[in-house]
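Hi,

Here is the structure I promised to send over.

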Amino acid sequence: YKSKQFKSYIYAPQKITALDSTSAFVIAGMEDGLVKVYDLRKSSSSTKAQSVMTFNCHERWVSQVKTNP
């Protein structure tokens, strides 16, 4: 499951319910209805990536996210 793989790179205090990624970004849907974008280029072995953009687009948990090149 992808969220376990990316948990070591991103700071996400809420439960991740949906996930997709590109080479530089992780898009995470959260249980509180938020969708957050994380820039993996801003993470390192000692620093987790913070969200660079947040969308408040759902009243309930997000079930799916998908990137579109």
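Below is what I found in it, going from the overall fold to single residues.

A word on the basis first: this is a predicted model, so local features need pLDDT of at least 70 and side-chain atom pairs count only at pLDDT 80 or more, while totals for chains, interfaces and linings use all residues. Residues are numbered from 1 along each chain as its sequence is written, and side-chain values use heavy atoms, with hydrogens and water left out.

**Overall fold**

The protein chain has 1 helix and 4 strands, and along the sequence they come in the pattern α-β-β-β-β. Both kinds of element are DSSP runs numbered from the N terminus (helices are H or I with at least four residues, strands are E with at least two). Of the 69 residues, 41% count as buried; buried means under 20% relative accessible area, exposed over 50%, and partly exposed in between, using a 1.4 Å probe and protein chains only. As for contacts (heavy atoms within 4.5 Å), residues 24 or more positions apart account for 36% of those with a separation of 6 or more.

The 4 strands make an open sheet in the order 1-2-3-4, with antiparallel pairing; two strands pair if DSSP finds at least two bridges between them. Strand 1 and strand 4 (51-56) are at the edges with a single partner strand each, so one side of each has no neighbour in the sheet. On average, neighbouring strands are turned by 20° against each other, direction ignored. (Axes here are lines fitted to C-alpha atoms, for helices over the stretch in contact, and angles run from 0 to 180 degrees between N-to-C directions.)

Strand 1 and strand 2 form a hairpin with 3 residues between them, held in the antiparallel sense over 5 bridges. Strand 2 (residues 25-30) is also joined to strand 3 (residues 34-39) by 5 bridges, again antiparallel.

**What is inside**

The largest nonpolar core has 11 residues: Ile10, Ala12, Ile16, Leu19, Val26, Ala28, Met30, Leu34, Tyr38, Leu40 and Ala49. Such a core is a set of buried Ala, Val, Leu, Ile, Met, Phe, Trp, Tyr and Cys residues joined through side-chain atoms within 4.5 Å. Strand 1, strand 2 and strand 3 each supply at least two of its residues, and strand 2 gives the most, with 3. Apart from this core lies another, of 6 residues, among them Ile27, Val35, Val37 and Val62.

Strand 1 is mostly covered, with 5 of its 6 residues buried. Ile16 sits in this strand (residues 16-21) and counts as buried because its relative accessibility is 8%.

**One residue to look at**

Which charged side chain is buried yet has no salt bridge? That is Lys36, whose nearest side chain of opposite charge, Asp32, is 6.0 Å away. A salt bridge needs a side-chain nitrogen of Lys or Arg within 4 Å of a carboxyl oxygen of Asp or Glu; Lys and Arg count as positive and Asp and Glu as negative, with His and the chain ends not counted. Lys36 lies in strand 3, and beyond its neighbours within four places in sequence, its contacts include Gln14, Val26, Ser51 and Met53.

Cheers
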